[in-house]
Protein chains: 2
Amino acid sequence: MPRFFIAASNIFGGIAYINSRDAEHIKALRIRQGEAFTVCDGSGNDYSCVLTKMTEDGAEAEILEKKPSDGEPSVYCTVFAAFSKGDRMETAVQKCVELGAAHIVLFPSARCVSRPDEKSLIKKTSRLQLIAEEAAKQSGRGIIPAVSAVQSFEAAVKLAAAADLPLFCYEDERELPIKTAIESKPDAKTVSIVTGPEGGFEPSEARYAAGAGMMSVTMGPRILRCETAPIIALTAVMLLTGNL
Amino acid sequence: MPRFFIAASNIFGGIAYINSRDAEHIKALRIRQGEAFTVCDGSGNDYSCVLTKMTEDGAEAEILEKKPSDGEPSVYCTVFAAFSKGDRMETAVQKCVELGAAHIVLFPSARCVSRPDEKSLIKKTSRLQLIAEEAAKQSGRGIIPAVSAVQSFEAAVKLAAAADLPLFCYEDERELPIKTAIESKPDAKTVSIVTGPEGGFEPSEARYAAGAGMMSVTMGPRILRCETAPIIALTAVMLLTGNL
């Protein structure tokens, strides 16, 4: 079923008012009057609609049913990923949205090769936000996860450490498997996952995260690429919290 | 630590004889005489070495220690993925190798858009085999997983159904979560994962797989892209069998 996110303010009186960009998409998909699709208000509600008319600046659809989006997981999971090359970030963002991440935060880390300045960072996050929107539509999410960036590793850790289950994925961790860490907090409502750059975290960064109260976890003996690690960690969280 | 796969027949008398292609790579990495790296015989054994000399047609290294590769998981997992577009297949193969897949098998399925003829299939699998080799080196695997193809869906299912834990990932499955299926066979030594093309499997294909004894499983309410599904399923297997 085609799926569009529209502002909640454009849903009223049993009608969904669709903007010109999405109306173009409706045309491209050859959806005709009387045919069904879904609109989502981006706050976790889905509306089953049928197209009633194309207008000059958009389209209108009659709402048949409102219900909570079933694409939203029961845990609020934020993924903190160190900056990396463009295509790797894109893969990570796309897959994390498919898997149910609520928010994706980029941060600089000691061994990051990629250190975008503020201007290119804005451009980068805007591009990643579009990828997140596309992935949210395609996978049937009830929200469009935000993609944002913070200016330092310390800022990322401070935010991440506030979660009920704050996971710091560290290549040199040998003791605590991610499964054990997740299972130790069965009632966690908020989860954060922090993953490093291509060369991994500096030991000083790992110490800082532990000092801030994060749980340092291992994901096995194989070396995961920087874009693979958040996908695997998020899968582990969703699987063990009953969201897969 | 840099890592090279070499034929077991090139390891004897305490010396590893390295071919010219890998010797070029050693040069590119600026590894000098006396410096350490790892060679792997591709059968699950790692050898700690130091470079002793560069020769006309390769290089030689003294072996200091032989030990089992710790990058190999305790389960033998084969991933059967329906044909899809090149870049999607590449992502799936790369990540599945990082995650510990033993073998990757491509197959045609009713809704596959991509239906390569025999010639382009050979080209495609050769390219994917190189990606598997690269990923095996980088992630610290003890084998190079083979990438192969079979000519029909039925042939893939026949092979897959022979595993102790034969998982068929089906979008329309509502009953059996993948976690429950994996936990129902705690002693499985061999696992197979079958994932579909972009449009999912036909109901008739799902019936065929069930008839062959495969377990139809769901991975939650979100729609996963065809290259994401094998990665998630394999993560679930590795996580729940103690390999992550």
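## Close-ups of a predicted two-chain model

View 1. The side chains of Glu133(A) and Arg21(A) form a salt bridge, with 2.7 Å from N to O. That view comes from a predicted model, as do the others here. Between domain 1 and domain 2 of chain A, the salt bridge count is 1. Sorted by class, the domain 1 residues that touch domain 2 of chain A come out as 2 nonpolar, 5 polar and 3 charged.

**View 2. Stepping back to see both domains of chain A.** Chain A splits into domain 1, covering 3-68, and domain 2, covering 76-240. Their C-alpha centres sit 33 Å apart. Where the two domains of chain A meet, 10 residues of domain 1 are in contact with 9 residues of domain 2. Together they bury about 690 Å², and 54% of that is on carbon and sulfur atoms. Which residues of domain 1 of chain A lose the most area to domain 2 of chain A? Look for Arg3(A), Phe5(A) and Arg21(A), which together make up 71% of what the domain 1 side buries. Arg21(A) is also the residue that pairs with Glu133(A) in the salt bridge of the opening view.

**View 3. A salt bridge inside helix H1 of chain A.** Glu24(A) and Lys27(A) are both part of helix H1 of chain A, 3 residues apart, or about one turn of the helix. Their side chains meet in a salt bridge at 3.7 Å, N to O. Over all chains, the structure holds 24 salt bridges.

**View 4. Chain A against chain B.** The contact takes in 34 residues of chain A and 34 residues of chain B. About 2,900 Å² is buried between the two chains, 60% of it on carbon and sulfur atoms. On the chain A side, Arg222(A), Leu239(A) and Leu244(A) lose the most area to chain B, together 25% of what that side buries.

**View 5. Zooming in on Lys95(B) and Glu227(A).** Here the side chains of Lys95(B) and Glu227(A) meet in a salt bridge, 2.6 Å from N to O. Chain A and chain B have 2 salt bridges between them. They also have 19 residue pairs in polar contact, both residues being at pLDDT 80 or more. On chain A, helix H2 (86-99), helix H3 (118-139), helix H5 (178-183) and helix H7 (228-240) each bring at least two residues to the side that touches chain B. Which of the chain A elements gives the most to that side? That would be H7(A), with 8 residues. By class, the chain A side facing chain B has 15 nonpolar, 10 polar and 9 charged residues.

Terms used
Residues are numbered from 1 along each chain as its sequence is written. Chains are lettered from A and ligands numbered from 1 in the order in which they are written. This is a predicted model: local features need pLDDT of at least 70, side-chain atom pairs count only at pLDDT 80 or more; totals for chains, interfaces and linings use all residues. Side-chain values use heavy atoms; hydrogens and water are left out. Domain bounds come from an automatic or database domain assignment. Contact means heavy atoms within 4.5 Å. Buried area is the accessible area (1.4 Å probe) that two parts lose on being put together, summed over both. A salt bridge is a side-chain nitrogen of Lys or Arg within 4 Å of a carboxyl oxygen of Asp or Glu. Ala, Val, Leu, Ile, Met, Phe, Trp, Tyr, Cys and Pro count as nonpolar, Asp, Glu, Lys and Arg as charged, and the others, Gly among them, as polar. A polar contact is a pair of N or O atoms within 3.5 Å; within protein, one must be able to donate a hydrogen and the other to accept it, and residues adjacent in sequence count only if both atoms are side-chain atoms. Helices (H or I, at least four residues) and strands (E, at least two) are DSSP runs, numbered from the N terminus.
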